[in-house]
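Subject: Two-chain model for your files

Hello,

Here is the structure I said I would pass on. Please have a look, and my notes come after it.

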Amino acid sequence: MKKFVVLFVILSVMFLGTVSAKNVEITFWTLFSGGEGHIMTQFVEDFNAAHPEITVKAQKIDWLEYYNKLLTGLISGQPPDVAIMHLSVLPDYASKGVLTPVKDYVPKVFLDEYLPNIIERAHYNGELVALPLDTHPLVFYYNKKVLESAGLVDADGNPKVPQTWDEYIAWGQDVQSATGDYGASIDKFGMLGERWFIALYNQLGGSFYSEKAGKVIIDPDLAEEVYGIINASFANEMTPVTDYDGGEALFINDKAAYHLNGVWAMAVYPDTEDLDFGVTQVPAIEGSKPYTWGDSHSIIFPKSPKQSKEKLEAAVTFAKWIVEHSYEWANAGHLPVIKKILESEEFLALPMREDYLDAAANAVLAPSVIGWSEFREEMWEICQKLVIGEFTEEEAAQELVNKANSILQ
Amino acid sequence: MIVTNKKRNNTLAYLFFLPFGLFFAIFKIFPFIRSLYLGFFKWDIFGSPEFIGLENFYTLFGTDKFWEALWHTFYFTILTVPPLVIIGFLIAILLNSKIKFVGFFRAGFYIPYILSITVISLMWKLMFNETFGIVNKITSIFGIESINWLNDPTFAMPAVAFATIWWTLGFNIILYLSAIQQIPDSYYEAATLDGANSWQRLIHITVPLIKSTHILVIILQIIYSLQIFGQVYIMTGGGPGGTTRTLVQYIYENGFKYFKMGYAQANAAIFFLIMLGVAIAQVRLMSKRGEGY
């Protein structure tokens, strides 16, 4: 009996030993919650089931705390093996040498499938340090009920959706004077001073990054023109100053006709009761493409003392798997950045995606510069000062140029 | 014999103190000293610190945002300390009387204090919402037009101050109540016999006899108010246009968001000096005046 027990124990240990030796365990940190959170959790489960030799242990971190925690992990030498990062802040981290280059682990044919404007930003100093998962551009929402009750419908009874910013301002003010509802709502932080600004700036023909000078150069006249458009939309009480939740509440509760927000709101709006809305690309300056701001969730591979070739390969396998499944990820409203997925039936079958999928190719991402984290918050603040009347358009433009010169490299 | 006992008592005392002392030294004293030290360096958290002497301080004093943050912090303190002290005192007086259901009222005034900072900030943020908030619904009854409280530079800080007063009043009430309850009844009886009315009893007995409590409450309140961060950050984000950004928020942003840790530490050092000044003032004032009776 004793011999049998001993044999049994030895065999079990051998089996356990063999199984765990082959299985690579990697840790994964994400910042997704709500609808996106569910999809990502499902991804991890599905991947683990499909790949028995790899176990992904996912940790969801509240997005407000996420970068704090990631920073702590990176400094303490205990980062996750794979994590999410916005491409806009990639340079701030890549420049500190904390991200692992992964070009050698990814086949060229995979990289070629990416939209060029997106994959370019996943590089730093010529090295590929991230695999983009999506792009989430700024798009244009409109509330059909509010427009109808303000009489802003065309001859066929369709709500009037502006194609140019002049129309946006004119019709928005019409709504305000007709019913007292707001013409538009927009979040006063990132949406206003950074995202809308970048969309307008590029539509006017500007581009932040000068290849020739190798740094960010902002044209004060162009910036002033942008601020002029923004300021005009806040005149006559067309747009109130609100934060993200406030602006969204106004739109959902039929108190604002137009709404500038990101595609991620599509995770919420289609299922919102009594919300009768449409979505499309942002209006454009006459003669310009409807360039818009975009960022991208990407998958990064933090450097760590306990990193091994095995773990890195497992992490890249996981990342590629998620990217290949990004038509499912698109349920959260984000746009895939793999060309064939963007054109696929599964993706186009999702509600209203057809109306704004072109925004992916028209998305302008933040320039790849260090200091963007700080600079963009200055952008937010300058624009707030503009719309509350503390800066004139000229002063705002000048302040923006000053900040760019002192903060960005 | 006596000497040995004293020595043993001392050793025992030190032993009792050791766990806390160790904890205090590692988690409070060491980071504090290191923080002061780092103020003389440039450090982006990832690399190694680079010594730059007083440069952080020069930059600080030359930056408008720093002075603005300092002023916003002082402004908030001015808005909150007088009401929290005076109203706290008055309510403590009321709660000391033998009115019906006094227990219910005492609990009611204290309950806000046990709510977490995030809860009350989000709550008041909703209530101050221009279109949907209850505050505007109430003011409209009196014919006042809707105010965009948290997005208007004039009203944002007062709104946050109001929420803070609602939240932390309970703490001051408790402090005052316990002090008032220690005043012997005989003083009031004697005064009443001499013909003093309730107003005179308040001014000439209650107020003077708890002088050290006044000082305690005022100084504590000043110190807490100077450290304001959470409510403002959640309710206004420091806006609109940075008009409510406080010093602690400025330190946080520089240190943790913009990777300018050395600069943030220098900032924190200045902040520490201000608070030290306040604390010294308290110690001086409290040692001058003992209890009046």
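The notes below go through the interface, then the aromatic pairs, then a few backbone points.

Please keep in mind that this is a predicted model.

**Interface between the chains**

The contact between the two chains involves 30 residues of chain A and 29 residues of chain B. About 2,300 Å² is buried between chain A and chain B, and carbon and sulfur atoms give 55% of that area. There are 14 residue pairs in polar contact across chain A and chain B, counting pairs with both residues at pLDDT 80 or more. On the chain A side, at least two residues each come from helix H3 (63-76), helix H4 (90-94), helix H11 (244-252) and helix H17 (372-387). H17(A) supplies the largest share of that side, with 7 residues. Sorted by class, the side of chain A that touches chain B consists of 12 nonpolar, 6 polar and 12 charged residues.

**Salt bridges**

Over all chains the count is 13 salt bridges, and between chain A and chain B it is 6.

One of the salt bridges pairs Asp44(B) with Lys96(A), at 3.4 Å from N to O. This pair crosses between the chains: Asp44(B) sits in the loop between strand S1 (41-42) and strand S2 (50-51) of chain B, and Lys96(A) in the loop between H4 and helix H5 (108-112) of chain A. Asp44(B) is partly exposed at 27% relative accessibility, and Lys96(A) is partly exposed at 22%.

Glu374(A) is bridged to Lys260(B), with 3.0 Å between the closest N and O atoms. Here the crossing runs from the loop between helix H12 (247-257) and helix H13 (261-288) of chain B, where Lys260(B) lies, to Glu374(A) in helix H17 of chain A. Lys260(B) is partly exposed at 31% relative accessibility, whereas Glu374(A) is buried at 12%.

Glu381(A) and Arg245(B) also form a salt bridge, and their closest N and O atoms are 2.6 Å apart. Glu381(A) is in helix H17 of chain A and Arg245(B) is in the loop between helix H11 (230-235) and H12 of chain B, so this pair joins two chains. Glu381(A) and Arg245(B) are both buried.

There is also a network of salt bridges that links Glu378(A), Lys403(A) and Lys65(B).

**Aromatic pairs**

The count over all chains is 57 aromatic pairs. In one of them, Phe47(A) and Trp321(A), the ring centres are 5.7 Å apart and the planes meet at 70°; the pair is edge-to-face because its angle is over 60 degrees. Phe47(A) belongs to helix H2 (residues 34-50) of chain A and Trp321(A) to helix H12 (residues 309-324) of chain A, so the pair ties together parts that are 274 residues apart in sequence. Phe47(A) is buried at 0% relative accessibility, and Trp321(A) is buried at 13%. Both rings belong to a cluster in which ring pairs link Phe28(A), Phe32(A), Phe43(A), Phe47(A), Phe318(A), Trp321(A) and Trp329(A).

Trp372(A) and Phe375(A) make a tilted pair, with 5.5 Å centre to centre and 55° between the planes. These two residues are 3 residues apart in helix H17 of chain A, so about one helical turn separates them. Trp372(A) is buried, with a relative accessible area of 0%, and Phe375(A) is likewise buried at 0%.

**Backbone points**

The peptide bond from Gly239(B) to Pro240(B) is cis, with omega near -5°. Pro240(B) lies in the loop between H11 and H12 of chain B.

Two residues other than glycine with positive phi are worth a look in the viewer. Asp274(A) has a phi of about 65° and is in the loop between strand S11 (256-262) and strand S12 (277-280) of chain A. Asp274(A) is exposed at 59% relative accessibility. Ile45(B) has phi near 80° and is in the loop between S1 and S2 of chain B. Ile45(B) is buried, with a relative accessible area of 5%.

Regards

How values were computed
Residues are numbered from 1 along each chain as its sequence is written. Chains are lettered from A and ligands numbered from 1 in the order in which they are written. This is a predicted model: local features need pLDDT of at least 70, side-chain atom pairs count only at pLDDT 80 or more; totals for chains, interfaces and linings use all residues. Side-chain values use heavy atoms; hydrogens and water are left out. Contact means heavy atoms within 4.5 Å. Buried area is the accessible area (1.4 Å probe) that two parts lose on being put together, summed over both. A salt bridge is a side-chain nitrogen of Lys or Arg within 4 Å of a carboxyl oxygen of Asp or Glu. A polar contact is a pair of N or O atoms within 3.5 Å; within protein, one must be able to donate a hydrogen and the other to accept it, and residues adjacent in sequence count only if both atoms are side-chain atoms. Helices (H or I, at least four residues) and strands (E, at least two) are DSSP runs, numbered from the N terminus. Ala, Val, Leu, Ile, Met, Phe, Trp, Tyr, Cys and Pro count as nonpolar, Asp, Glu, Lys and Arg as charged, and the others, Gly among them, as polar. Buried means under 20% relative accessible area, exposed over 50%, partly exposed in between (1.4 Å probe, protein chains only). Rings of Phe, Tyr and Trp (its six-membered ring) pair if their centres lie within 6.5 Å; planes under 30 degrees apart count as stacked, over 60 as edge-to-face and the rest as tilted.
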